[in-house]
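Open the model in your viewer and keep the selection tool ready. We will go stop by stop.

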Amino acid sequence: MTTPIPKMDTAELREIAVRGGIEGARDMDRDALLDALQARPGEGFWQEDPKPADVNPNDYMYQPPDGR
């Protein structure tokens, strides 16, 4: 079982942040590392889809092949 992020020690948090590509992770303190690693609802571009789906499957009706 994995350890929850808030219960990890600072060295583990820093290692995860550096591997994850978070800029300045080597110089962050524990609170900054926790803020950078924990996802919060409603924050960040990664939670928003920048473009709608190309095709809405509900716009097309299924037509079965003839002769079966």
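**Before you select**

This is a predicted model, in which local features need pLDDT of at least 70 and side-chain atom pairs count only at pLDDT 80 or more, while totals for chains, interfaces and linings use all residues. Residues are numbered from 1 along each chain as its sequence is written, and side-chain values use heavy atoms, with hydrogens and water left out.

**Stop 1: the whole chain**

Show the chain as a cartoon.

The accessible surface comes to about 6400 Å², and carbon and sulfur atoms hold 52% of it. Areas come from the Shrake-Rupley method with a 1.4 Å probe; for residues, only the protein chains shown count as cover. Of the 68 residues in the chain, 10% are buried. Buried means under 20% relative accessible area, exposed means over 50%, and partly exposed lies in between (1.4 Å probe, protein chains only).

What share of contacts joins residues at least 24 apart? Among contacts between residues at least 6 apart in sequence, the share is 19%. A contact means heavy atoms within 4.5 Å.

**Stop 2: the core**

Select Met8, Leu13, Ala17, Ala25, Met28, Leu33 and Leu34. These seven residues form the largest nonpolar core. Such a core is a set of buried Ala, Val, Leu, Ile, Met, Phe, Trp, Tyr and Cys residues joined through side-chain atoms within 4.5 Å. Helix 1 (10-19) and helix 2 (30-37) are the elements that give two or more residues to this core.

Stay on Met8. Beyond its neighbours within four places in sequence, Met8 contacts Thr3, Leu13, Ile16 and Arg30.

**Stop 3: Ala17**

Move to Ala17, in helix 1. Is Ala17 buried or exposed? Ala17 is buried, because its relative accessible area is 0%. Residues up to four places away aside, Ala17 touches Ile22, Ala25, Leu33 and Leu37. Draw a distance from Ala17 to Leu34: the C-alpha atoms are 9.4 Å apart, across 17 residues of chain.

**Stop 4: Ile5**

Step back to the segment before helix 1, where Ile5 is found. Ile5 is partly exposed, at 27% relative accessible area. Not counting residues up to four places away, Ile5 touches Leu13, Leu34, Leu37 and Gln38. The C-alpha atoms of Ile5 and Gln38 are separated by 7.6 Å, with the two residues 33 apart along the chain.

**Stop 5: the salt bridge**

Show side chains for Glu15 and Arg19. The structure holds one salt bridge, and these two side chains make a salt bridge at 4.0 Å, N to O. The term needs a side-chain nitrogen of Lys or Arg within 4 Å of a carboxyl oxygen of Asp or Glu. Glu15 and Arg19 are four residues apart in helix 1, so about one helical turn separates them. Glu15 is partly exposed at 48%, while Arg19 counts as exposed at 64%.
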